[in-house]
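Hi everyone, thanks for coming. Let's take a few minutes to look at a structure together.

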There are 2 protein chains.
Amino acid sequence: MQSGYSNGYGGGHTHSRRRSHRSATGGVYRVCSSTLSPPPTAPSTPSTTSYTHSNYTDTETAVASMWEGYDEAYFQSYANVGIHQEMIKDRIRTDTYKAAIMRHQNLISGKVVMDVGCGTGILSIFCAQAGASRVYAIEASDIAMQANEIVKENDLSDRITVIHSRVEEVEIEEKVDVIISEWMGYALLYETMLPSVIYARDKWLKPGGLILPSHAMLYMAPVTNSERYHETIDFWRNVYGINMSALIPLAKQCAFEEPVTETISGENVLTWPFMVKYIDCYTVTARELESITARYKLSAIMSAPLHGFAFWFEVEFNGPITFSSNNNMGFRFQHGTDNGSNHKKRRQSDTIVLSTAPEETPTHWQQTILYFYEPIDVRQDQIIEGSITISQSKENHRFLNVHLEYSTAGRSFVKESVMR
Amino acid sequence: MQSGYSNGYGGGHTHSRRRSHRSATGGVYRVCSSTLSPPPTAPSTPSTTSYTHSNYTDTETAVASMWEGYDEAYFQSYANVGIHQEMIKDRIRTDTYKAAIMRHQNLISGKVVMDVGCGTGILSIFCAQAGASRVYAIEASDIAMQANEIVKENDLSDRITVIHSRVEEVEIEEKVDVIISEWMGYALLYETMLPSVIYARDKWLKPGGLILPSHAMLYMAPVTNSERYHETIDFWRNVYGINMSALIPLAKQCAFEEPVTETISGENVLTWPFMVKYIDCYTVTARELESITARYKLSAIMSAPLHGFAFWFEVEFNGPITFSSNNNMGFRFQHGTDNGSNHKKRRQSDTIVLSTAPEETPTHWQQTILYFYEPIDVRQDQIIEGSITISQSKENHRFLNVHLEYSTAGRSFVKESVMR
């Protein structure tokens with residue numbers, strides 16, 4: 001197991017995006033204010049801001065207020081430089097975005113771009129380098145102040161406008177030709193940032209405009225990981241000659257109750273991957289992301305103990321041409337009812353893809369693993385089937401509830417967990 | 001830089017002992033209850049228990065109540081199995097304790113032992129294996145329940161009594177011959193657990209009894225770590241060809257405002273180590289640990305940029321014989337006023353030592369580094385001098401305030417920070 005992308009920034013108490021408190025092996029980022037004042041503490045009771053919710057019921061207003069409190073902590077976690085360094089240093093991520101921008105230079109040069117959640121502004125600067133006439137770089141966290149300084153120091157103030165705001169509250173004078181955003185969280189949907197991109201698309205993108213990335217796919221597969229199970233659970237059977245098995249139930253709960261973020265390899269994967277969700281960023285709605293359910297039926301490609309399920313994602317950077325051609329289907333995934341249709345989709349050979357799959361070079365997203373308390377022995381060709389539901393938590397819309405049903409060899413199980 | 005001792009237990013929001021939120025590279029442990037109920041949340045406002053503080057002023061009562069709230073979160077962090085696995089898997093730690101118990105078998109066999117903060121009970125079981133007639137295994141966190149199960153499963157219930165309590169509230173029928181405890185935190189004093197051992201010593205240890213470990217030494221030394229500084233700070237000077245130096249002030253604050261826990265090597269150390277504090281566990285008082293100040297004057301053994309100071313500790317496992325012989329001094333450290341006296345003390349060749357020094361095999365304690373925002377170039381033989389004060393935080397007595405003054409080549413600096 002690789003320990004991933006640790007670096008030297010301090011730990012903290014607030015919600016971090018990619019290396020959250022969920023992280024099994026990685027650090028967390030403490031709050032350090034971009035204004036260089038003493039670090040503020042995250043709100044223990046969510047604060048209510050002055051936004052009006054005149055169309056909401058009282059309950060909806062209360063939930064919205066609570067979420068604003070969580071959002072404040074969420075955005076503040078992005079004021080720590082460490083998280084930005086971790087993302088930028090992930091070359092798979094940054095190189096792929098840069099390549100995608102350069103590939104679509106003809107659609108960016110001389111055009112207006114919006115960067116949703118610009119962070120340090122690196123993608124906005126790439127777009128300016130690709131010839132964008134204007135980039136609106138939107139960032140809700142305090143890192144926006146540094147992004148603005150970076151833009152100035154690189155003499156790009158005439159073309160990049162940093163706006164310190166949630167994208168939902170931005171007011172600009174024009175519509176945009178391109179929306180770019182790096183919105184993906186663990187297991188794609190953790191953080192629930194995509195709805196902000198959808199909001200920006202519906203409000204600010206010109207018809208026929210470009211969205212980067214254009215498509216996203218969430219995958220899952222059963223995995224085997226005896227080494228991990230042995231280290232974490234079997235360890236207690238013999239500790240310096242002492243039988244400490246009494247700790248095993250608690251060890252399972254501590255280690256496996258919630259999804260964990262860690263790097264596995266292609267050799268851990270027990271079946272062909274199953275595509276849980278295919279997202280067309282041009283057409284997806286926020287509502288359809290609130291709860292996603294899919295049924296799967298998979299066949300083991302080897303005999304091994306089944307320890308859990310892994311989740312990962314890929315995003316593609318296709319131009320809008322694939323959106324409007326061929327009856328809106330282009331070469332993209334054809335959703336069907338046969339079992340094969342939710343496997344890896346056909347793809348043009350020159351499509352730019354950012355993949356976080358176990359068989360690819362590890363990224364800072366790693367994979368998200370939902371371990372079972374008990375392994376299940378499966379034989380080659382044995383069927384593993386069931387359903388998966390991933391829904392936004394009512395407790396905090398940036399958390400995910402994961403409801404996994406799985407059956408094999410006549411036994412059925414349910415695993416409920418929360419990515420928080 | 002080594003990433004240390006990560007393992008597969010989930011992160012969480014509560015105060016963890018050795019892999020706290022301060023940790024730069026390591027994971028944190030989420031709360032998972034030993035009773036296997038849903039994980040409780042740490043108190044956002046410290047709870048007040050029913051203890052009476054009749055001798056306290058109102059302010060003292062308020063502070064005591066607040067600390068009880070912090071203590072609750074502190075103890076709860078030890079209910080996560082991961083932290084115990086991390087400690088047990090640290091072979092330097094566990095092997096040394098086991099060797100020390102076996103070395104003093106003649107003082108343990110047939111005797112009564114108290115294990116302060118027994119965790120899973122492993123040291124209590126080692127003592128039973130060494131022939132202790134009775135071991136009182138005291139543990140305030142809920143892991144006590146599992147410790148009790150482990151004792152039962154190993155047929156040691158007749159000799160080991162697990163008591164789920166803070167040691168300050170324990171009532172037993174007899175005094176003890178031996179106190180054993182693994183109380184050391186980062187930079188020795190983080191966690192402030194030693195006062196509980198002192199309390200147990202004063203209340204329960206027979207005159208002439210044995211304390212393991214018997215002595216502890218906190219060291220510090222100036223360090224150079226260009227690689228770390230380069231990765232964390234200089235990184236921003238050129239990011240994909242973009243000048244992001246505007247982030248450097250914030251990067252310094254995020255990375256270096258507070259002490260960090262990481263593993264360095266002997267090659268990072270710029271002078272002979274300075275002993276900040278020598279603790280004789282037979283005689284030390286809780287009061288003298290509240291604030292420790294020492295003046296140092298050190299000479300660089302090489303020319304290099306000075307990036308900060310490292311802190312680490314050693315503990316020794318001497319028998320009580322060294323306590324009573326030679327006018328209470330034995331072969332132990334002779335405190336003096338010459339500069340040499342705070343360097344490494346003389347030691348008998350067969351003394352059992354648990355060392356967390358940079359030149360030794362890394363432990364889960366790693367080293368604690370206080371980095372400066374600006375490196376200072378020093379030449380070989382250049383003097384670095386000043387003072388260090390480490391005191392318990394009034395905010396949370398388990399945190400430490402660190403006040404470091406340092407002067408070299410005619411320039412003077414002060415660094416204030418908090419280990420939280």
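Here is a question to start: why is the sulfur of A:Cys281 too far from the closest cysteine sulfur for a bond? Because that closest sulfur, in A:Cys127, is 15 Å away, while a disulfide is a pair of cysteine sulfur atoms within 2.5 Å. A:Cys118 is also too far for a bond, because its sulfur lies 11 Å from the closest one, again in A:Cys127. Searching the whole structure gives 0 disulfides over all chains.

A word on what you are seeing. This is a predicted model, where local features need pLDDT of at least 70 and side-chain atom pairs pLDDT 80 or more, while totals for chains, interfaces and linings use all residues. Residues are numbered from 1 along each chain as written, chains are lettered from A and ligands numbered from 1 in written order, and side-chain values use heavy atoms, without hydrogens or water.

Both cysteines are buried (under 20% relative accessible area, with exposed over 50% and partly exposed in between, using a 1.4 Å probe and protein chains only): A:Cys118 at 7% and A:Cys281 at 5%.

Now for helix α6 of chain A, residues 143–153 (helices are DSSP runs of H or I, at least four residues; strands are E, at least two). Its buried residues include A:Ile143, A:Gln146 and A:Ile150. After α6(A) comes A:Asp155, with a positive phi near 55 degrees.
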